[in-house]
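Let's take a walk through this model together. Have a look at it first, and then we'll go through its ligands step by step.

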Amino acid sequence: MKTLAVIGLQFGDEGKGKIVDYIARYFDIVARYQGGANAGHTVKIGDSIYKFHLIPSGILNHKISVLGNGMVIDPLELQDEINMLKGFNPKKYLKISERAHVVMPYHKELDRNIEELKGSEKVGTTGMGIGPAYEDKYARIGIRIIDLLDKDLLKKKIEIALRIRGRYLNSQYDPVKLAEEYHKLGLNFKKNIIDTSDYINRSLKSGKTILFEGAQGTHLDVDFGMYPYVTSSNTSAAGILTGIGTKPCHVRKIIGVMKAYTTRVGEGPFPTELRNDIGNKILTKGNEYGTTTGRPRRVGWLDLVLVKYAIDLSGVSEIAISKIDILSGLDEVKVAHAYKINGKTTRNLPVKIEDLQKAEPVYKTFKGWEYPTNGKKNIPDEMMKYLNFIEKYTETRISIISLGAKREDTVLLKRI
Ligand code: IMP
Ligand code: MG
């Protein structure tokens, strides 16, 4: 039996999609377990660019791709992605959980309206209806993928949801029309809708290998992230059990993906944020714009307090580090290894947002380095010192380094 999980150690956009694309070749199945089309990653193969929001990028390697029950799925978005992947025959590889929840058009409107009501306290969501879809799930008025296949039942469920959520909606929604439209969408991938939990567990029993692909990052976890500036799912390894429906012993090895610096989209605390020329330089060089929203990301130095917290929380066994090439050419590179809060130095992550907002990072400064020129594996000394410091601080080894956007630029340092 062999599984591996890939999760984000920061605020999402750590480069998980690329790492998954790189290691998917060693697995039979790639499965997502939380989130929805708020996620976004780009995979470049040769000159082709693929942007993913829902379907695991493993599909590019012709791997069975599972959308687990813990996800919230927008059928319109799913249809778009299936169309984009036409050349890869996606319907042959796609398995969609009948228990996953559906993002409806009114969820997207609710997302916008609730953000507006929050005013300056807004979260800065992606506007993809993620929060409201999860709210409906927990309020027991959600629509599940399986409901799409029964038009009358679907209409009834939409009516109930609209009766309850209507007060926050400005647009009029016709349950009959919505049921018709979404039933039709559901029929498009009817053959792909299955009990994915049963499928995964049977596959494991028969010796198949599975890669669990996390979306977003640990600090956006609804329980362990910087609440309320989080997404509405469990982005840490905890989400795998509920979002897939498998035994705890099936989640043993976890790769934590981190960027060599920090980025964040949306509102919320960011102790090492750089609002200066260096920040802008990294933003431009790293092309730090959201895949889903196109928003420029906030950029800052690497924050190891955050990374260590995420590693300890999920029991991460190996680190994959991305985009270290983007830091090449700077005079110096800094890493936060503690915070000063109200005059006290701590390596612990405060729970209170107000304390986090006051946190002053304590930095270690490294001399800059040039991009490795004679062969990718020839890592410059200063870059090596930076990597060694990360390993020592986190007590976790780095096994993958990604030195660029292309599949060919990823280096496997140690056997996983
Ligand atoms: P939501 O998931 O759209 O509700 O957004 C909640 C917060 O999570 C916002 O700060 C978003 O910017 C952030 N977020 C959600 N998905 C991603 C992602 O895939 N990458 C980075 N940030 C994300
Ligand atoms: Mg992303």
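**Around the two ligands**

G40 counts as buried, at 16% relative accessibility; buried means under 20% relative accessible area, exposed over 50%, and partly exposed in between (1.4 Å probe, protein chains only). D13 is partly exposed, with a relative accessible area of 24%.

Before we go on, this is a predicted model, where local features need pLDDT of at least 70 and side-chain atom pairs count only at pLDDT 80 or more, while totals for chains, interfaces and linings use all residues. Residues are numbered from 1 along each chain as its sequence is written, chains are lettered from A and ligands numbered from 1 in the order in which they are written, and side-chain values use heavy atoms, with hydrogens and water left out.

So what coordinates the magnesium ion (ligand 2)? D13 (OD) and G40 (O) do, at 2.0 to 2.2 Å. Donors here are N, O and S atoms within 2.8 Å of the metal (3.2 Å for Na, K and Ca), and because water is not among the atoms, sites may look incomplete. D13 sits in the loop between strand 1 (2–8) and helix 1 (16–23), and G40 in the loop between strand 2 (29–32) and strand 3 (41–45), so the pair ties together parts that are 27 residues apart in sequence. Helices (H or I, at least four residues) and strands (E, at least two) are DSSP runs, numbered from the N terminus.

Now for ligand 1. An oxygen atom of ligand 1 lies 2.9 Å from an N or O atom in the side chain of N38, and for R295 the side-chain distance of this kind is 3.1 Å.

Methods. A polar contact is a pair of N or O atoms within 3.5 Å; within protein, one must be able to donate a hydrogen and the other to accept it, and residues adjacent in sequence count only if both atoms are side-chain atoms.
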